[in-house]
Structure formats: C-alpha cells, structure tokens
Amino acid sequence: MPMSSPRQVLLLTEESGVGGVQTTLHWLESGLTARGWQVTRLPVRRGRPSLWACWQAARRAQVLVASNNFRPAYAAVALAWLARRPSVVWVHGPLHEVLQQAEASRLKTAWLRTVYRRASQLVCASQTSCDSLLRVMADARCATLQHLRVIRNPAVLPGAGQDDAAMPTTTSASEVIALGFVGRLSPEKQPLQLLPMLLLLPAACQLHVVGDGELMGAMRSAGQDLLTHGRLHLHGQQTVSAQTYQAWRATVLCSRYEGYPMTALESLACGVPCVSTPIPAMQEMLGTQAPLWLAHDDSPAALAQAVQRCLAQAPADRQVAIDLLQQQHRLETFVQAWDQVLTGLLQRRGQGQGPKQGPRQGHGAVPTDASREDTPSGGRP
C-alpha cells in the first residue's frame with residue numbers, strides 16, 4: 001500500500017566533516033530524497049537547538065534516524081519516546097572492539113544496551129558490525145533484539161563532478177607503481193605498518209597517504225628515508241575523488257578493526273583493488289570474490305605479499321572480481337533496503353502496533369540486504 005506524501009524523516013547527526021560515516025550519510029539522505037522522503041537534519045552536538053525545538057522537530061517527523069550508534073542514538077531514542085515516534089539507530093563500527101579500545105566502564109556499556117533495546121529498529125552497516133553488536137548485547141543476556149537488520153554500505157564513486165588538482169597522478173606506470181592509503185592516521189588504522197610493508201616491496205613502489213591525525217608526526221619521523229627517496233608521499237587531509245584512487249594500482253588498508261570501510265568500497269567503485277589485513281569486515285567484503293587481496297595475517301610482511309599477489313593477478317581476473325564486488329554493493333540496493341525499513345516502521349505504526357512492537361528475532365535470523373539482491377566504518381562511545 002503506498003504511503004501518504006510527504007514521508008518525513010528526522011536525521012540526528014553528531015558532526016559534519018569527512019569520513020566514511022559522513023559519506024554514507026550523504027548517499028542515504030540523497031537516496032531517500034529521490035524516493036520521496038523529506039529528510040531534515042538535526043545536530044546533537046555542535047549547533048544543537050533548544051530541547052523544545054528538538055521535541056518540536058521530532059513531533060513533525062514520522063520516524064527518527066540516528067546517524068550513528070552513540071550520541072545521536074541517545075537523542076533519537078529519547079526524542080522518539082517523548083514524541084511517540086519510531087526510532088532507528090544506525091550501527092557502523094564494530095561496537096565490541098570500539099568499547100574495548102576505549103576501555104568503557106560497565107556502567108557505560110549497560111547504558112548503551114538500554115538505549116539499543118529501546119530503539120524500534122537497529123540497522124548495521126555490515127554483518128561484522130552486527131556480530132560485534134550482538135557480542136555486546138549477549139553479555140547482558142539480551143542477544144535477542146527487536147528488528148535487527150544488516151544493510152551493507154554501497155560502493156559509490158567519490159567526489160562526483162569535483163576536480164582533483166591537489167592529487168598528482170602517476171605519469172609512467174612502467175616506472176612507478178603507485179599505492180594509496182586513505183584514512184585517519186590513528187592507532188586503530190595502524191598506518192605505521194605501511195612503512196615496513198613498503199620497504200619489503202620493489203623499489204618502484206611508492207605509497208601516497210591521504211589523511212591526517214595523531215600519528216602524522218610519527219609517520220614523518222619513521223618514514224624520513226622513504227620521504228627523502230620519493231617512495232612515501234604524505235598529502236595530509238584532502239578531498240578525495242575518483243581521480244585520487246585511479247592514480248593508484250591498489251589501495252591498502254592495515255586497520256586493527258573496521259565496521260565496513262568506505263575507503264575500500266570507494267576504491268572498488270573506482271575500479272581499483274583494495275588490499276587489506278584479514279580483519280572480519282574485509283573478509284566479509286572480499287573473502288568470496290577476491291581472497292588474494294587479503295593478507296594471511298596482520299604483519300607488514302603478509303601485507304606486502306598480498307600487494308604483490310594483487311599486482312601479479314591477471315588484469316581480466318582482477319576486473320571480474322571488481323565487477324562482482326561492485327554489483328554486490330549497489331547504491332540502489334542500499335537505498336531500497338533503507339526505504340523498506342522506514343516504510344515498514346510507518347506501516348506498523350499505522351496499524352497501531354507502536355514503535356516497539358513486532359516479532360523478535362535472534363542472532364540466527366538477522367535479515368540482510370544481500371538476501372534479496374544479486375549477492376552470493378563510527379562515532380565515539
């Protein structure tokens with residue numbers, strides 16, 4: 001049954017800027033708008049309006065969506081309860097690992113469990129994020145959650161219509177093998193692992209690092225010789241576009257953990273393979289179609305071997321893998337799945353079930369977007 005128009009979503013966001021969450025949020029907002037949803041953003045940190053204005057915005061909306069599973073989730077669940085609206089919490093990263101890294105207290109973890117139990121719908125950006133969430137919830141003997149859904153992030157060309165004058169392109173592929181890294185220079189991304197990896201690769205290999213963070217100084221210090229010899233290029237924070245990735249033969253990830261990294265998806269959307277440490281998120285993404293691009297372990301030596309396997313792969317085989325991965329991460333599939341989730345919440349509410357009613361499902365029956373289509377990264381605690 002078609003829903004009355006306009007259908008209104010209040011999207012609660014934590015901050016603006018760059019990063020995988022913000023990129024995916026942009027594609028969600030534009031995709032829902034194209035499907036007839038009226039999307040309104042409400043900041044919950046910097047620039048947050050008064051509580052009265054927040055409540056009024058919640059009353060005008062038909063459903064509230066938290067852009068990530070920390071501060072926006074607290075606000076979405078509370079406002080939805082006050083305004084008697086359904087709420088959706090979008091879980092990006094691997095929650096269990098993030099809480100461990102942050103050394104979160106038991107009280108903090110218990111608070112998060114309470115928030116997630118009260119949400120009308122939980123949407124995870126990958127099966128990896130879903131499994132990690134369930135590990136957190138299982139600790140409190142509440143592994144069964146209402147309306148838990150996996151909708152994998154899409155692979156979309158970045159920076160469509162933008163110029164990329166800041167990033168140099170490779171002028172001679174026969175002389176230089178350009179590799180790339182995009183991301184925060186932070187401990188969980190392990191960028192310092194890239195330096196010994198580069199030393200194990202042929203001298204023709206150069207690494208371009210796009211991003212900034214607390215480890216930039218350490219990268220400059222440890223990579224001084226590589227910088228001097230032109231094998232390492234630290235570009236800092238820059239706008240990333242398709243031309244950024246297409247200047248490289250491969251993109252490299254060496255993270256300790258990820259939810260479902262947008263860097264890898266953007267690289268694939270640009271037709272460039274992504275080589276990675278064998279973290280669960282990348283096994284989920286690449287394991288079936290491109291196992292050669294996964295390192296055997298998280299050591300620099302194993303990562304260097306994976307890069308060489310990728311570069312030595314027949315171009316036709318590499319292209320087949322990229323085509324299949326792009327097909328499995330279509331933007332249309334992503335938007336359609338979100339449209340179905342939000343429409344379903346409105347339909348249940350229209351039938352008088354309220355924002356918290358509906359069948360329960362446990363870990364063994366978490367529906368995903370991949371189950372219906374062509375298929376064989378956030379925030380701070």
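Q: Buried means under 20% relative accessible area, exposed over 50% and partly exposed in between (1.4 Å probe, protein chains only). So what is the relative accessible area of Phe334?
A: This is a predicted model: local features need pLDDT of at least 70, side-chain atom pairs count only at pLDDT 80 or more, and totals for chains, interfaces and linings use all residues. Residues are numbered from 1 along each chain as its sequence is written, while side-chain values use heavy atoms, leaving out hydrogens and water. Phe334 is buried, because its relative accessible area is 0%.

Q: How many aromatic pairs are there?
A: Rings of Phe, Tyr and Trp (its six-membered ring) pair if their centres lie within 6.5 Å; planes under 30 degrees apart are stacked, over 60 edge-to-face and the rest tilted. By that rule, the aromatic pairs number five.

Q: How do the rings of Trp90 and Phe334 sit?
A: Their centres are 6.2 Å apart. The planes make an angle of 35°, so call this pair tilted.

Q: And which class does the Trp90–Trp338 pair fall into?
A: Trp90 sits in strand β4 and Trp338 in helix α15, 248 residues apart; helices (H or I, at least four residues) and strands (E, at least two) are DSSP runs, numbered from the N terminus. The ring centres are 4.9 Å apart with planes at 70°, so the pair is edge-to-face.

Q: Which residues do ring pairs link into a cluster with Trp90?
A: Trp90 is buried, at 0% relative accessibility, and Trp338 is buried at 0% too. Ring pairs tie Trp90 into a cluster with Phe334 and Trp338.
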